[in-house]
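Below are a few exercises, each with a solution worked out step by step.

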Amino acid sequence: MKRLKGTRPVADLLGVSQRTAERYVRDRIKTPRAQLAARLADKVRTRWQPRVKENAKKNAAIFTGIIVETRARFGFTAAPGSTDDGRIRRLTQHLPATYAARLFDAQAAGAPEQQLRAVLAEGLQQEYFKDRGRRADGLLVEFTDIDYVELSF
């Protein structure tokens, strides 16, 4: 009601009369019929969800980071004597907010999938394989043959 500024625009949006919309506001009608309830839920979802997702992205890019779950082939360029053969792995790893911000910025700029994949590979390399810089100093990770990638934020 507040965003559309009155009962008339809300009634037009939902396909009901202005008088019916006013009755809902005054609690004279408490439970909408099934068709109206479905339309109402759909309209709320289409208007509300983009704002909720945008706030969640901002929060992930500044504070919380993202959780990446993937199944892909990881190959390595490493010190002599170590194996660099790629193999399929399933990983679930938290990436800090800096990687989330880079990923969201690249996506918003319309970056190709290869660039988005490179940001994820760098994040997984640093956080999972190098254990935040505590081991495997010269290791470079290749992120290929992706079966799936799911991001949670």
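## Exercise 1: The second largest pocket

Helix H4 (97–108), helix H5 (113–129) and strand S3 (140–152) each give two or more residues to the lining of the second largest pocket. Keep in mind that you're working with a predicted model.

**Task.** Find the residues closest to the centre of the second largest pocket, then describe its lining by class.

**Solution.** 
- Step 1: start with the volume, which is about 230 Å³ for the second largest pocket.
- Step 2: pick out the centre. There are 13 lining residues, and Leu103, Gln107, Leu116, Leu120 and Leu151 are the closest to the centre.
- Step 3: sort the lining of this second largest pocket by class, and you get 9 nonpolar, 1 polar and 3 charged residues.

## Exercise 2: The largest pocket

**Task.** Work out which helix gives the most to the lining of the largest pocket, and what classes of residue the lining holds.

**Solution.** 
- Step 1: the largest pocket holds about 470 Å³ of space.
- Step 2: its lining counts 19 residues, with Met1, Val10, Leu14, Leu40 and Val44 nearest the centre. Helices H1 (7–14), H2 (18–25) and H3 (34–64) are the elements that supply two or more of the lining residues.
- Step 3: the top contributor to the lining of the largest pocket is H3, with 7 residues.
- Step 4: by class, the lining of the largest pocket splits into 14 nonpolar and 5 charged residues, with no polar ones.

## Exercise 3: A closer look at Leu14

**Solution.** 
- Step 1: Leu14 sits in helix H1.
- Step 2: check the accessibility. Leu14 has a relative accessible area of 11% and the cut-off for buried is under 20%, so Leu14 is buried.
- Step 3: list its partners. Skipping residues up to four places away in sequence, Leu14 touches Leu36, Arg39, Leu40 and Lys43.

## Exercise 4: Thr70 and its surroundings

**Task.** Which backbone oxygen does the side chain of Thr70 reach, and which residues is Thr70 in contact with?

**Solution.** 
- Step 1: locate Thr70 in strand S1 (residues 66–77).
- Step 2: its relative accessibility is 0%, so Thr70 counts as buried.
- Step 3: follow the side chain of Thr70 to the backbone oxygen of Tyr148, at 2.8 Å.
- Step 4: now look around. Neighbours within four places in sequence aside, the contacts of Thr70 are Arg89, Arg90, Leu91, Leu124, Phe143, Ile146, Tyr148 and Val149.

## Exercise 5: Salt bridges

**Task.** How many salt bridges does a search of the whole structure find? Then take the pairs of Arg90, Arg71 and Asp131 in turn.

**Solution.** 
- Step 1: Side chains of opposite charge can pair when their charged atoms come close.
- Step 2: the search of the whole structure turns up 9 salt bridges.
- Step 3: Arg90 pairs with Glu69, and their closest N and O atoms are 2.7 Å apart. Arg90 belongs to strand S2 (residues 87–95) and Glu69 to strand S1, so this pair ties together parts 21 residues apart in sequence. Arg90 is exposed, at 56% relative accessible area.
- Step 4: Arg71 forms a salt bridge with Asp147, with 3.4 Å between the closest N and O atoms. Since Arg71 lies in strand S1 and Asp147 in strand S3, the pair ties together parts 76 residues apart in sequence. Arg71 is partly exposed at 38% relative accessibility, and Asp147 is partly exposed at 48%.
- Step 5: Asp131 and Arg134 meet through their side chains at 3.3 Å, N to O. Asp131 is partly exposed at 27%, while Arg134 is exposed at 58%.

## Exercise 6: Positive phi

**Task.** Where do Lys5 and Asp27 lie, and what is the phi of each?

**Solution.** 
- Step 1: most residues other than glycine have a negative phi.
- Step 2: Lys5 has a positive phi of about 65° without being a glycine. Lys5 lies in the segment before H1 and is exposed, with a relative accessible area of 71%.
- Step 3: Asp27 also has a positive phi, near 65°. Asp27 is in the loop between H2 and H3 and counts as partly exposed, at 48% relative accessibility.

Notes
Residues are numbered from 1 along each chain as its sequence is written. This is a predicted model: local features need pLDDT of at least 70, side-chain atom pairs count only at pLDDT 80 or more; totals for chains, interfaces and linings use all residues. Side-chain values use heavy atoms; hydrogens and water are left out. On a 1 Å grid over the protein atoms alone, a cavity is a set of points where a 1.4 Å probe fits but cannot get out, and a pocket is an open set with protein on both sides within 12 Å along at least five of seven lines; lining residues have an atom within 4 Å of a point. Grid points are joined across faces, edges and corners, and a volume is the space filled by probe spheres set on the points. Helices (H or I, at least four residues) and strands (E, at least two) are DSSP runs, numbered from the N terminus. Ala, Val, Leu, Ile, Met, Phe, Trp, Tyr, Cys and Pro count as nonpolar, Asp, Glu, Lys and Arg as charged, and the others, Gly among them, as polar. Buried means under 20% relative accessible area, exposed over 50%, partly exposed in between (1.4 Å probe, protein chains only). A polar contact is a pair of N or O atoms within 3.5 Å; within protein, one must be able to donate a hydrogen and the other to accept it, and residues adjacent in sequence count only if both atoms are side-chain atoms. Contact means heavy atoms within 4.5 Å. A salt bridge is a side-chain nitrogen of Lys or Arg within 4 Å of a carboxyl oxygen of Asp or Glu.
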